[in-house]
Amino acid sequence: MSKSENLMLYVCDKLKNEDTFGSTVFNKVLYYVDNISYLKTGKTISEFKYIKQKNGPTPEPRQFLSLRDSMMLAQKFRIDEKDYFGKIKKVPTNTVEPDVSCFNKSERELIDSIITAFKTINGTVASDFSHSEIAWDIAKDREELPLYTYMLSAESATENDVEWANSVVNVHY
């Protein structure tokens, strides 16, 4: 199985007993895992690209749905429907155990920290939180959210920020 498949299965496995877990929270966990991994290491854990959608960032559908559907055909993954306060919530569910050996220690720690942060958050809160991201706010519907846009800020750079940027430029140029 690919790392992306194992990430999907691992997130489902870790959140399966949470009443608040559904597709929206699932998508946000994947988004933040990959963005924070990129910020820390320069690479993502999955192979997903992310786009702007109504309820916040999601993996790019052609890429994600193709993988999800192949996992469903192989009976590794399914989508359950559950009643959640009178509405139908789609709940991603693993049907096989993830192979966590594909993640190194720091990747596993990062994934676990994001899962913990989203453990008790429902889809509405997760969606609202992701809408606070400047990259999501300025993107057009279905536009890709490049990883380098994750830390965009409306705040002005401080003197320390400028000094740090100059030191990085001086090291590399």
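The legends below describe close-up views of a predicted model.

**View 1. The largest nonpolar core of the model, which has 36 residues.** Within this core, the residues with the most contacts are V11, F26 and V29. Two or more residues each are given to the core by α1 (3-15), α2 (23-41), α3 (61-73), α4 (105-118) and α6 (134-138), and the largest share, 8 residues, comes from α2.

**View 2. The surroundings of V29, one of the residues with the most contacts inside the largest nonpolar core.** When its neighbours within four places in sequence are left aside, V29 is in contact with V11, L15, I114, I115 and F118.

**View 3. The cysteines C12 and C102, whose sulfur atoms are 14 Å from each other.** A disulfide would need the two sulfur atoms to lie within 2.5 Å, and because the closest cysteine sulfur to that of C12 is 14 Å away, in C102, the gap is too far for a bond. The count of disulfides accordingly comes to 0.

**View 4. E133, a residue in the loop between α5 (123-130) and α6.** Although E133 is placed in a loop, E133 counts as buried, because its relative accessibility is 12% and buried means under 20%. Leaving aside its neighbours within four places in sequence, E133 is in contact with Y32 and Y150. The C-alpha atoms of E133 and S153 are 8.4 Å apart in space, while the two residues are 20 residues apart in sequence.

Key. Residues are numbered from 1 along each chain as its sequence is written. This is a predicted model: local features need pLDDT of at least 70, side-chain atom pairs count only at pLDDT 80 or more; totals for chains, interfaces and linings use all residues. Side-chain values use heavy atoms; hydrogens and water are left out. A nonpolar core is a set of buried Ala, Val, Leu, Ile, Met, Phe, Trp, Tyr and Cys residues joined through side-chain atoms within 4.5 Å. Buried means under 20% relative accessible area, exposed over 50%, partly exposed in between (1.4 Å probe, protein chains only). Helices (H or I, at least four residues) and strands (E, at least two) are DSSP runs, numbered from the N terminus. Contact means heavy atoms within 4.5 Å.
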